[in-house]
Amino acid sequence: MSKLRVQSFAISVDGYGAGPNQSVDHPLGVGGMALHEWAFATQTFRKMHGNTGGTTGVDEDFAARGFTGIGAWILGRNMFGPIRGEWPDDQWKGWWGDNPPYHVPVFVLTHHPRASIAMAGGTTFNFVTDGIHTALTRAKEAANGLDVRLGGGVATIQEYLRAGLVDEMHLAIAPIVLGSGERLFERVDAAALGYRCSEHVPTANVTHVVLRRDG
């Protein structure tokens, strides 16, 4: 069965998955980029951005797991870009340039229709206006038996968590304090929803935690 997985989603020690005031200059909010320092040196991250080399070890293992067996992605609109409201034009095509790191179909949740965008490397951005369940159904169909990765942002993950649709969630707890922003478990009772910690692996850079749903 195809699963819905959150992978390599970084949060601060005080629980924030993004900093405040997202913008073109601060795509993860002010201070949010520091959440992902653990990943930048890994082989997987460097390969995603067209570079060679990189570190091996536990951090690399978790980064690589996030792309294994993934046939489609789901993103909230904020993860696609900083534009709010109606799309003013078709110029914005994501944060990642002409060859995004997904290489599979991506389904972007939005309230405003937009035609799909085919990018280099096999990524196609599809815009879904009728909710999280429709996005998941379409993503699972596109994944063709492989898993679907839920990329975020925080509000999107919260919606899927509250609906009990996330099968597995890998969090990377970074040793920083943000103080404000978007708190991942705000009004989410993970225990009541049946999630339990199945893995807990600290490294010099981050603490990896995997939550799975009972049953």
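Mentor: Before we look at this predicted model, one definition: the expected span of a helix is 1.5 Å times one less than its number of residues.

Trainee: OK, how does the span of helix H5 fit with that?

Mentor: H5 covers residues 132-143, which is 12 residues, so it should span 16 Å. The C-alpha atoms at its ends are 16 Å apart, which agrees.

Trainee: Which residues of H5 are buried?

Mentor: Ile132, Ala135, Leu136, Ala139 and Ala143. They take up an arc of only 95 degrees around the axis, so they sit on the same side of H5.

Trainee: And which ones are exposed on the other side of H5?

Mentor: His133 and Glu141 are exposed there.

Trainee: What covers the buried residues of H5?

Mentor: The cover includes strands S1 (4-12), S3 (70-76), S4 (105-109), S6 (124-128) and S7 (147-152). Helix H6 (154-162) is also part of that cover.

Trainee: What follows H5?

Mentor: Asn144, with a positive phi near 55 degrees. Most residues other than glycine have a negative phi.

Trainee: Is Ser8 buried or exposed?

Mentor: Buried, because its relative accessibility is 14% and the cut-off for buried is under 20%.

Trainee: What about His103, where does that lie?

Mentor: In the loop between helix H4 (77-80) and S4. His103 has a relative accessible area of 40%, so it counts as partly exposed.

Trainee: Changing topic: which residues does the cis peptide bond join?

Mentor: Gly152 and Gly153, with omega about 0 degrees. Gly153 is in the loop between S7 and H6. Most peptide bonds are trans.

Trainee: Last one, Ile70. Where is it placed?

Mentor: In strand S3. Ile70 counts as buried, at 9% relative accessibility.

Trainee: What is Ile70 in contact with, leaving aside its neighbours within four places in sequence?

Mentor: Arg5, Val104, Leu146, Asp147, Val148 and Arg149.

Trainee: And how far is Ile70 from Gly121?

Mentor: Their C-alpha atoms are separated by 15 Å. Along the chain, Ile70 and Gly121 are 51 residues apart.

Methods
Residues numbered from 1 in each chain as written. Predicted model: local features only at pLDDT ≥ 70, side-chain atom pairs only at ≥ 80, totals over all residues. Heavy atoms only, no water. Helix = DSSP H or I, 4+ residues; strand = E, 2+ residues; numbered from the N terminus. Buried < 20%, exposed > 50% of the residue type's maximum accessible area, 1.4 Å probe, protein only. Arc of directions from axis to C-beta. Contact = heavy atoms within 4.5 Å.
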